[in-house]
Amino acid sequence: MRIIDLITKDRILLGASAADKQDAIEKMVELQAKSGNLSDKEVYKQAILAREAMSSTAIEAGIAVPHAKSETVTAPSLCAMTLKEGVDYGAMDGQPSDLFFMIAAPLNGDLHLEILSHLMVLLMDPQFLAALRGAKDEAEFISVIDRFETEKYGAAQETKPQKSGYQVLAVTACPTGIAHTYMAAEALEKAGKEMGISIKVETNGSGGVKNKLTDEEIQNADGIIVAADKNVETARFAGKKVLFVPVSDGIHKAEQLIEQIERGNAPVYEHKGSAEDVVVSKNEKESIGRQFYKHLMNGVSHMLPFVIGGGILIAIAFLLDDYSIDPANFGMNTPLASFFKTVGGVAFDFMLPVLAGYIAYSIADRPGLAVGFVGGYLAKVGNSFANITGDGAVSGGFLAALLAGFVAGYLVLLLQKIASKLPDSMDGIKPVLIYPLFGVFFIGVFMYAVNPAMAAINTGIINLLNSMGGSSKILLGAIVAGMMSIDMGGPFNKAAYVFGTASIASGNYDVMAAVMIGGMIPPLAIALATTFFKKKFTADERKSGVVNYIMGLCFITEGAIPFAASDPLRVIPSCVIGSAVAGGLSMMFGCTLRAPHGGIFVFPVVGNVVGYLIALAAGAVVGMLMLGILKKNKTETK
């Protein structure tokens, strides 16, 4: 480690005034506090004073290097100060001191001694002292240190003891486990490489856990970054410094997160629960809205495989069937179509119970799962006290299942709180008897009571969508398609997508068509722009642009995120407008889509595929032209 690795401009004070030695120390302690590496600056100050009481840290030539080791120091840090007029600091030559370096060192390790030895050697050079005192600002002060240190020790000098394993570990996870999970992992790995810090990232994606962290790696690491919007296993991190952040921070703030871990600015994680618990990473300051979003997305992420797999099979059934045999039985007229429709329908039937079950699971862990599943199923079948058996009942649909999931989760939390008053001897029967028995009973009572109202709301929404025509339907298509481009995988995008899949379940297929085309536009518009407006993008961006052709055609909106992150004020509006145009045209042309995913691979089951292709091309071209107009030319240095 070099001296300049421990000091920043905000910890340098030039041309200050100090009344005496005590005043100078207090000013430098304040500078050290800006590093964020002091958990208690008063304790550190007392450590400095105790060191000064042993003997003054002032040396000749107006220099003083106060330093101390303390339990309040979480990571090594350095600050510097010059005074207009020196103060009596007890120097051996009796001269006042006007140039100060203060070192803060943790109790474990002797790194500060190595830095101190480097610094003391440099301070013996009169030219170095003159250059420091003559620095016009903080940047020049650091530049002087860098220049003289490089000349003396070399730029690649490394003094930090090497540890086995990785310095930083990370876990990334997003609700769907497709794009954000791996984008965050890539961003963290890239930042670690650029910073010279070894890092390993575990991904909790849709295909399961990859690159899993080992116990030995966790033990040896400086800290762990958990960039996740869904449940991850955290019991293994007990006693380690852990940062819990949204997955988006892993993408956009990778360098800051790694730096925070390396500085020791992360709280020690205390796990509450058994060693086998899989818990959602929580932040004490997490807002109610973010908690709601995480619970909802946990349900949606587990629901999507049923929706996508079942929905595409049902769409294939309609493609293979003969409508003329029996229009009323379309999708089941031929044996092959009947097979696809039946299997797809079974998968689709799990959609609402799984949604509710995993929302409850996110809130109350395993005890909430069964209660949520039952609530979701009752939401699907629509049973009520007025219709006990459910014959001819109307489903409450997606909204009822959503309500069931949240009520089930918080109901189980309430039961856990009540059951905590029972004797410890009954702990073993709580999860296998008390929670499922009373949880299922009470969610049953609740759903029987609210199902009529939820069914009326669901029916009203379906009727509203079916009654829309002309400009109102075009506007709806533009809105849901535009939402797909606002945050490209975030809450707005997911809200529009869930609305589209819920519409499929309700028999309305034009909304899903607008939703999917809206999600295909951002990467396609960017890919086209990198092809036809090359001066607007860097060489690396143009290379990435080619990949966006594939991602756009496959309905992976997240391919546009790196471009949006680097220039949000121009890229996002361009993509939103392009998507809105495509969604509006899709509605205007009467395009329908019975499959909830797939991009070009499900175009054969699109209703009015020619109109859909025209809408897709129009939206992509509009987005491309907007990017070409709004973005500025890039100048690259060779």
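Predicted model: local features only at pLDDT ≥ 70, side-chain atom pairs only at ≥ 80, totals over all residues.
**View 1. Strand β6 is largely enclosed by the rest of the structure.**
The strand covers residues 168-173. Six of its six residues are buried. In a regular strand the side chains alternate between the two faces of the sheet. In β6, Val-168, Ala-170 and Thr-172 point one way. Leu-169, Val-171 and Ala-173 point the other way. Strand β7 (residues 199-205) runs parallel to β6 and is joined to it by five bridges. Within β7, Glu-202 is the bridge partner of Val-171. Strand β9 (residues 223-228) also runs parallel to β6, with six bridges joining the two. Here Leu-169 stands opposite Ile-224 of β9.

Ile-388 sits in a loop between two helices, α13 (367-381) and α14 (397-419). Ile-388 has 48% relative accessibility, so it counts as partly exposed.

**View 2. Cys-591 is in no disulfide.**
A disulfide is a covalent bond between the sulfur atoms of two cysteines. The structure holds zero of them. For Cys-591, the nearest cysteine sulfur belongs to Cys-554, 20 Å away. A disulfide would need the two sulfur atoms within 2.5 Å. Are these cysteines buried or exposed? Cys-591 is buried, because its relative accessible area is 0%. Cys-554 counts as partly exposed, at 22% relative accessibility.

Terms used:
Residues numbered from 1 in each chain as written. Heavy atoms only, no water. Helix = DSSP H or I, 4+ residues; strand = E, 2+ residues; numbered from the N terminus. Buried < 20%, exposed > 50% of the residue type's maximum accessible area, 1.4 Å probe, protein only. Pairing = 2+ DSSP bridges.
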